[in-house]
Amino acid sequence: MRVDFSLHNFAVSSMGQKSQKADVAPSSLSNASVFEFPRYSPLAYASTISFGKNGEFYPNEVGAQPEVLKKLSDRYFKGDDTLQNIKFADMPDAVNAKTYSGIDVLGSGSARHVAMMAQNFVEEASGLPMNIEYASQAAHKPYRGGKNALVVAISQSGTTGDTKQALQEVLKARQDSEYTDTVALVNVPDTPIWNMAEYKVPVGAGTEKSIAATKSVTAQLFNLWAIGLRLGDQPGTKGLEERKSKVAEVKQVPGNVEKMLQDTTAVNAAAEALKDKDVICILGRDSNLGTALEGHLKLKEMTNKDTIAYSAGDFEHGPSAALKENQAVIMLLPGLDNDNYFQRAKANLDSVLMLDKPDVRKAHPEIIPDTIVIFKDEQNKQVEQEYANVAKNVVFVNIPHSSENISPMYNLIRFHQLSGRICELTGKDPDGSPEQQPRLEKSVKKAN
């Protein structure tokens with residue numbers, strides 16, 4: 001059934017003023033600005049999904065991502081690509097990388113994964129080290145982050161229990177020493193985490209009704225990129241031209257995502273190849289390790305398949321021994337032949353497929369997965385030539401040409417498409433009906 005995307009108007013609060021008492025002060029909502037998201041165009045992806053009785057939330061939210069990202073781009077980058085246009089309403093102009101010793105991020109589930117996707121970009125743009133904490137663990141121990149670190153708490157709902165408690169530990173530690181400023185990166189204003197933090201950055205994704213988070217995660221990633229650029233926004237600083245180049249690439253993301261969502265042929269072929277696989281292993285490295293973990297989460301929570309995700313490099317240290325012929329591997333392989341990332345990831349894939357040990361590969365076909373899906377740069381044709389016959393089923397899924405630090409955005413949205421398509425092929429509701437996934441619906445409600 002073809003989906004007619006309905007009109008959604010999303011209100012996003014303007015960022016509140018810095019509180020005198022960050023742990024109790026309410027947010028400033030009196031001058032809230034409203035971002036009107038226009039009607040979402042029916043994308044080709046939408047026509048590939050039929051729905052159970054829970055309906056149409058998931059594909060609408062996947063299809064909304066170009067508009068959400070375009071609104072964020074317009075929020076942060078006015079006109080040209082100069083970094084001076086990246087402004088946060090309640091952060092004083094004096095705040096930059098020199099103000100802080102590092103960045104500590106608190107998050108659970110998708111929020112933590114998106115921080116991993118953003119880490120390399122943020123560190124390069126700001127010049128600051130970035131530490132990512134499991135909120136579920138940080139919630140139950142004293143905060144011992146660096147003096148004058150900037151703490152960013154990420155939560156779609158603004159009510160995630162672990163993240164809220166972890167942020168409370170930060171505020172508690174600051175009472176006795178010169179600890180840090182706190183930032184809430186939250187999609188729902190005037191919620192506990194939003195109100196606790198001194199600075200508020202609205203995610204700007206609008207209401208998300210499907211259990212599987214999509215547009216809120218990609219919007220969080222875009223916001224983290226902007227925060228990194230904002231902290232590195234120092235006139236006269238070495239590397240300014242490089243950061244301007246990053247801005248130019250970030251601004252291309254919304255348009256690239258819109259075009260990518262209309263390209264479903266390879267995603268459909270990948271879904272056909274994976275639909276009957278009980279075990280799917282997802283491999284990524286560097287920025288795309290977070291993407292692999294989030295892609296694994298989407299496939300597992302939506303399709304109930306036994307998916308696992310690993311660092312492509314670490315996979316060689318034991319886990320690869322468990323691979324069998326009737327299993328599948330999804331490899332995240334962005335970049336071109338001359339990229340350092342691509343060469344490292346390619347070497348990892350060769351090892352998984354035993355291409356570096358042809359005699360073993362020939363003698364033991366039972367240890368070679370029969371289905372390989374490779375997410376690759378659309379400009380890299382050499383990959384298709386080299387890996388076309390390495391397994392019984394090989395599918396190449398293109399993403400827009402980009403740097404390694406930007407590629408997680410595109411790879412992640414490909415997982416959104418792939419998960420939805422497998423749901424249709426296997427008769428599951430992409431919105432996660434209670435009848436199909438009662439444990440998931442209960443756990444998500446508990447977490448939020």
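**A parallel sheet and its surroundings**

In this predicted model, five strands form an open sheet with parallel pairing, and their order across the sheet is β9-β8-β10-β11-β12. The edges of the sheet are formed by β9, which covers residues 306–311, and β12, which covers residues 393–399, and each of these two strands pairs on one side only. On average, and with direction ignored, neighbouring strands of the sheet are turned by 15° against each other.

Two packed helices are described by the angle between their axes and the distance between the axes. For helix α3 (residues 110–126) and α11, the axes come within 6 Å and cross at roughly 155°. Because angles over 145 degrees count as roughly antiparallel, α3 is described as roughly antiparallel to α11. The crossing of these two helices, α3 and α11, is left-handed. On the side of α3, the contact is made by Ser 110, His 113, Met 116, Met 117 and Asn 120, while α11 contributes Ser 287, Leu 289, Gly 290, Thr 291, Leu 293, Glu 294, Leu 297 and Lys 298. Sorted by class, the residues in the contact of α3 with α11 are five nonpolar, six polar and two charged.

A further set of pairings involves strand β6, which comprises residues 181–186. Strand β5 (residues 150–155) runs parallel to β6 and is joined to it by six bridges, and in this pairing Val 151 stands opposite Thr 182 of β6. Four bridges join β6 to strand β7 (residues 199–202), again with the two strands running parallel, and here Leu 185 stands opposite Val 201 of β7. Six of the six residues of β6 are buried, so this strand is largely enclosed by the rest of the structure. Asp 181, Val 183 and Leu 185 point one way from β6, whereas Thr 182, Ala 184 and Val 186 point the other way, and all of them are buried.

Considered as a whole, the protein chain contains 16 helices and 12 strands, and 57% of its 448 residues count as buried. Among contacts in the chain between residues at least 6 apart in sequence, 76% join residues that are at least 24 apart.

Conventions
Residues are numbered from 1 along each chain as its sequence is written. This is a predicted model: local features need pLDDT of at least 70, side-chain atom pairs count only at pLDDT 80 or more; totals for chains, interfaces and linings use all residues. Side-chain values use heavy atoms; hydrogens and water are left out. Two strands pair if DSSP finds at least two bridges between them. Axes are lines fitted to C-alpha atoms, for helices over the stretch in contact, and angles run from 0 to 180 degrees between N-to-C directions. Angles under 35 degrees count as roughly parallel, over 145 as roughly antiparallel, 65 to 115 as roughly perpendicular and the rest as oblique. A crossing is left-handed if the near helix is turned anticlockwise from the far one by less than a right angle, and right-handed if clockwise. Contact means heavy atoms within 4.5 Å. Ala, Val, Leu, Ile, Met, Phe, Trp, Tyr, Cys and Pro count as nonpolar, Asp, Glu, Lys and Arg as charged, and the others, Gly among them, as polar. Buried means under 20% relative accessible area, exposed over 50%, partly exposed in between (1.4 Å probe, protein chains only).
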